[in-house]
Amino acid sequence: MDLLPIFLHELAQEAAITRKFLSRVPADKFDWRPHPKSMTLMQLTTHIAELPSWVQLALTTDELDFATSPYKPTVVSSTDELLAMFEKALNEGRAALEAASEATLPKSWTLRDGDTIYSTTPKHEVIHMTYNQITHHRAQLGVYFRLLDIAVPASYGPSADES
């Protein structure tokens, strides 16, 4: 069974749900966080928006080394910019999947910070983990929405706000 068509289908499904969530993010609350240890709303949502580009990263590189490529969160000033960021990352991820070969998927990909290796896994697992990260952080966003009294969109079935 080929995985690339499955990954493309799943990316499209997750994108539709994610787009609904990101479209409800109020820019005037970007600096809000539910707890001092939590990300701000901007940090959380820009991370969600960038995650589809990790598919391209997994397929076109063999590693991410934070020592040589430190993470720099993107700053946006509006919900439209957030959505544009998401669409760009989504297009990058989709294009990488469309151009990829099944033979690439079992090859190893490493996440590291210099000599500290966090994980070395097959590229197909990195893609799957990326999709899980989108779902995980989108669920966090749902909690932020609830605390901010913003209607939580339906994900895989109706939400209490859309029943």
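## Reading the core, contacts and voids of a predicted model

User: Which residues of the largest nonpolar core touch the most other members?

Analyst: The model is a predicted one. In soluble globular proteins, nonpolar side chains tend to be buried together. Here the largest nonpolar core holds 39 residues, and Leu-22, Val-25, Leu-97, Ile-127, Tyr-131 and Leu-141 touch the most other members. At least two residues of this core come from each of helix 1 (4-23), helix 2, helix 3, helix 4 (79-99) and helix 5 (123-147).

User: What is Val-25 in contact with, leaving aside its neighbours within four places in sequence?

Analyst: The contacts of Val-25, with those neighbours left aside, are Phe-30, Leu-41, Thr-45, Thr-79, Leu-82, Leu-141 and Phe-145. Leu-141 is also among the core residues that touch the most other members.

User: Leu-41 and Thr-45 bring up helix 2. How many residues of helix 2 are buried?

Analyst: Nine of the ten residues of helix 2 are buried, so the helix is mostly covered, buried being under 20% relative accessible area. The buried set is Leu-41, Met-42, Leu-44, Thr-45, Thr-46, His-47, Ile-48, Ala-49 and Glu-50. Helix 1, helix 3, helix 4 and helix 5 are included in what covers them.

User: Next, the charged pairs. How many salt bridges does the count come to?

Analyst: The count comes to seven salt bridges. One of them joins Glu-87 to Arg-19, with the closest N and O atoms 2.5 Å apart. Because Glu-87 lies in helix 4 and Arg-19 in helix 1, this pair ties together parts that are 68 residues apart in sequence.

User: Are Glu-87 and Arg-19 buried, exposed or in between?

Analyst: Glu-87 counts as partly exposed at 25% relative accessibility. Arg-19 also counts as partly exposed, at 31%.

User: Which residue does Lys-123 meet in a salt bridge?

Analyst: The side chain of Lys-123 meets that of Asp-62, at 3.2 Å from N to O. Lys-123 lies in helix 5, while Asp-62 lies in the loop between helix 3 and strand 1 (63-65), so the pair ties together parts that are 61 residues apart in sequence. On accessibility, Lys-123 is buried, with a relative accessible area of 3%, whereas Asp-62 counts as exposed at 53%.

User: Where do Glu-92 and Lys-88 lie?

Analyst: An α-helix has 3.6 residues a turn, so residues three or four places apart point the same way. Glu-92 and Lys-88 both lie in helix 4, four residues apart, which is about one turn of the helix. Their side chains meet in a salt bridge of 2.6 Å, N to O. Glu-92 is partly exposed, with a relative accessible area of 23%, and Lys-88 is exposed, with 54%.

User: How many cavities of 30 Å³ or more does the count come to?

Analyst: The count comes to one cavity of 30 Å³ or more, and about 30 Å³ of space lies in the largest cavity. Trp-54, Leu-57, Leu-64, Trp-109, Leu-111, Val-126 and Met-129 line the cavity. Helix 3, strand 2 (108-113) and helix 5 are the elements that give two or more residues to this lining.

User: How do the lining residues of the largest cavity divide?

Analyst: They divide into seven nonpolar, no polar and no charged. Trp-54, Leu-57 and Leu-64 in this lining also line the largest pocket.

User: One backbone item remains. What is the phi of Asp-149?

Analyst: Asp-149 has a positive phi of about 60°, although it is not a glycine. Asp-149 is placed in the segment after helix 5. At 72% relative accessibility, Asp-149 counts as exposed.

Technical notes: Residues numbered from 1 in each chain as written. Predicted model: local features only at pLDDT ≥ 70, side-chain atom pairs only at ≥ 80, totals over all residues. Heavy atoms only, no water. 1 Å grid on protein atoms, 1.4 Å probe; cavity = no way out; pocket = protein on both sides within 12 Å on 5 of 7 lines; lining within 4 Å. Core = buried A, V, L, I, M, F, W, Y, C linked by side-chain atoms within 4.5 Å. Buried < 20%, exposed > 50% of the residue type's maximum accessible area, 1.4 Å probe, protein only. Contact = heavy atoms within 4.5 Å. Salt bridge = Lys/Arg side-chain N within 4 Å of Asp/Glu carboxyl O. Points joined across faces, edges and corners; volume = space filled by probe spheres on them. Nonpolar A, V, L, I, M, F, W, Y, C, P; charged D, E, K, R; others polar.
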